[in-house]
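This report looks at how the parts of a protein model meet one another. Please view the sequence and the structure before reading on.

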There are 2 protein chains.
Amino acid sequence: MSQQPSPHRKSTDAAAATGSRLDSYVDRYAKRTHGMTASEVRSLFAVASRPEVVSLAGGMPNISGLPLDVVGSLVNDLVAKRGMTALQYGSGQGDPALREQICDVMRPVGIVAHPDDVTVTVGSQQALDLVTRIFIDPGDVILAEAPSYVGALGTFRSYQASVVHVEMDDHGLVPEQLSAAIAAVRAAGKTIKFLYTIPSYHNPAGVTLTAARRAEVLEICRQADVLIIEDDPYGLLGFDGEVPRAIRADDGEQVIYLGSFSKTFAPGLRVGWALAPHAVREKLVLAAENSVLCPPAFSQLTVSEYLAGHDWMAQVKDFRETYRERRDAMLEALDDLMPEGAHWTKPSGGFYVWLTLPDGIDAKAMLPRAVTNRVAYVPGTAFFADGFGSRSMRLSYCYPTPERIREGVRRLAQVIEQEMELRATFGAWGAAQRPGLDAPGPDQS
Amino acid sequence: MSQQPSPHRKSTDAAAATGSRLDSYVDRYAKRTHGMTASEVRSLFAVASRPEVVSLAGGMPNISGLPLDVVGSLVNDLVAKRGMTALQYGSGQGDPALREQICDVMRPVGIVAHPDDVTVTVGSQQALDLVTRIFIDPGDVILAEAPSYVGALGTFRSYQASVVHVEMDDHGLVPEQLSAAIAAVRAAGKTIKFLYTIPSYHNPAGVTLTAARRAEVLEICRQADVLIIEDDPYGLLGFDGEVPRAIRADDGEQVIYLGSFSKTFAPGLRVGWALAPHAVREKLVLAAENSVLCPPAFSQLTVSEYLAGHDWMAQVKDFRETYRERRDAMLEALDDLMPEGAHWTKPSGGFYVWLTLPDGIDAKAMLPRAVTNRVAYVPGTAFFADGFGSRSMRLSYCYPTPERIREGVRRLAQVIEQEMELRATFGAWGAAQRPGLDAPGPDQS
């Protein structure tokens, strides 16, 4: 977002060097393994999970509205009537009946698909992993929004991809920047394998790609023959009664669409999917079989029974209301409490607000003080492959109550004001020890 | 097994060339994807799944003895009482209580472990995938038994490993051949990353590594500093009242142990695990998070409740009786019906018999005729990375009834006898069109 110094930048692979002297296996790991590093802020999050801390860091959906009696009874029936199927191995591509239902679930975003082109995956994270596996050789370029989903960046890194970020604004990915990025990467002799995008209710940016821009992005990618991986876990979770039309709805060859039941039903089942052109789908299934043999029949049939026997869309509407109330609480609290110089996105769906701090404040350096003041967030650097994002943070409103959200924002505003005072009194050095405000910090995710 | 011409041979990567003209994405796939090919015999298996065909090809456990009422009611309780946990995201390493229970489950094979060293995976296939992911660079060597598990070979191929097979006999892996293979691979300047072994009730060979040889294999690997991946899905499914002691029981640093609930409870849950040295475990969890974020809480807690609230070991004993009865039926039928010159292993546990045909008969070339005669098996070539195994086949006795097993063996014996007659009448050319009897055929799995 705003602190991007240029429209497209190469990944610096800052975390490439790793391996402690305590790990006697370090010489045997694959090259890719050296890019797999635990988050620097993981230990802080252990503290942040204490009940007295308001966590605006997590991305857990708020499933407290789920009808547990309905789910319990349908699972009981499932085991009684179809236990021999639900507890047995199944197809690597996923349950045929569920794949048909998934086609129905994609209708509201404008997609008309055939069940043969759907591959059921262990959450859409596995779809992301499999797509990366079949397309990426080390050094290949993936274009991704700046910022992008932290889980995707981890997967891309584990396949030694080079992520090139493309700037966004309040209307999502900027088409001109996309064109420029494609040209620049190709001029440098690199191979672009795909554009990874979350057009609707972006994680972490909280913005949505406009309809006009979707058409432009698709046209640019067609012209340049760049595949689009459209990740759409939040598509049905808009607050304004509109469901954004998927890019995939207008092109079945250029776009691989990833969906998930984690936000519309329950993440603990780990059921997601990929909708891909036929030839790609065949490769996805082979890769899935190598990876897990088949997705859990037990989870798949539970989702299938839930979709068939319950008004799942009414539940989605309930979820929307829950999240809208929390989004409202967060935006109101930010308006009321944030100091001058901070600015943030206004999500019309999904789980996240992207907040950029007043000039000179480093979100990662500030995190320990925030946790001490009993509020947690994810520093913006987690969402960049190249260390940028230090002035920003992701705030999630999906899980805490509106009251807790307001209290969390109040505590956060206090910490930011203290940082600003420190900076006013002692200059940049006093506020946070770091080389430069907008320069890449250490890689972190 | 017997038709191995040499103790260790390099993978020929016969399937490297792929991609039809119909696949317009073929130029964009990663190099690894070109090694992912569908089984040549897949279309035959579609025919083989017809009810009139006796399938001795599958590896599906026979779960008809599972107490569905117990499972249904415990899942209903689980959703009612712990639904918010069972349906939510969980730890990437897996549920802590289940990891403790897994340590109890490993006690009968002699393993004393700490829950911190256990990573829960989406079936043990995912454990295999993650281990391969963190250790294997393209071209690295994996030592594996000849024959080896087809699903492991697929995974190894997808990471561009070079598999070197090591000969087995009726007592499992031959230690001298292992030493020779290590020396030969290293003399050729290649890097060995690990030995992959299924010491107990081998799939597909149906043999068990003796206790004395386990000690030898471990000592050889210690001396040569070669990690051992011990895959043990069948360890508790022995028919003689003995549970073989795991290699891991005697070394926690040299051995990564893979376990599964697919054969002791139910495969449809997709719950397996890896027990690994601490440093490796950390990498496994990072790789798992990149792959699926976390294993399904719903499945994990179902397994956990089943282990806690049900006499799971009594169920395992029931399974043993089921499989023993079927093993007996198969061995008796083979003794009664197989023509002179065929020989086979005598499994003391697990699911599989490895049958080697009379000299001059090719199991893969014969498969269409077998399916026409309403019996199916998996040709031996599926279990080699290098095209060997053409004279052998895997017969599974886990799923059909004893009567069906006997009928299947009868039909198989007929087909073999017809092949032998053809061969006696017309010579090798008439029996099967192929370059040479023991030469590698096309890669297939």
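Predicted model: local features only at pLDDT ≥ 70, side-chain atom pairs only at ≥ 80, totals over all residues.

## Domains of chain A

Which residues does the domain assignment of chain A give to domain 1 and to domain 2? Domain 1 takes 40-59 + 314-425, and domain 2 takes 88-310.

## Where the two domains meet

In chain A, domain 1 puts 24 residues in contact with 27 residues of domain 2. The size of an interface is often given as the accessible area lost when the parts come together. For domain 1 and domain 2 of chain A the buried area is about 2200 Å², and carbon and sulfur atoms give 64% of it. On the domain 1 side, A:Arg320, A:Ser348 and A:Phe383 lose the most area to domain 2 of chain A, and together they account for 25% of what that side buries.

How many salt bridges are counted between domain 1 of chain A and domain 2 of chain A? The count is zero. Polar contacts do occur between these two domains of chain A: eight residue pairs are counted, both residues at pLDDT 80 or more. The elements of chain A that give two or more residues to the domain 1 side of this contact are α10 (312-337) and β12 (352-356). The largest share, seven residues, comes from α10(A). By type, the residues of the domain 1 side that touches domain 2 of chain A are 13 nonpolar, five polar and six charged.

## Where the two chains meet

Chain B and chain A also touch, with 79 residues from chain B and 79 residues from chain A taking part. About 6800 Å² is buried between the two chains, of which 59% comes from carbon and sulfur atoms.

Four salt bridges are counted between chain B and chain A. A salt bridge joins the side chains of B:Arg28 and A:Asp225, at 3.2 Å from N to O. The count of residue pairs in polar contact between chain B and chain A is 42, with both residues at pLDDT 80 or more.

## The chain B side

Which elements of chain B each supply at least two residues of the side that touches chain A? They are α2 (68-86), α4 (123-135), α5 (150-158), α8 (278-292) and α9 (297-309). Of the elements of chain B, α2(B) gives the most to this side, with eleven residues. The side of chain B that touches chain A is made up of 41 nonpolar, 23 polar and 15 charged residues.

Conventions: Residues numbered from 1 in each chain as written. Chains lettered and ligands numbered in written order. Heavy atoms only, no water. Domains from an automatic or database assignment. Contact = heavy atoms within 4.5 Å. Buried area = accessible area lost by both parts, 1.4 Å probe. Polar contact = N/O pair within 3.5 Å; in protein donor to acceptor, adjacent residues only side chain to side chain. Helix = DSSP H or I, 4+ residues; strand = E, 2+ residues; numbered from the N terminus. Nonpolar A, V, L, I, M, F, W, Y, C, P; charged D, E, K, R; others polar.
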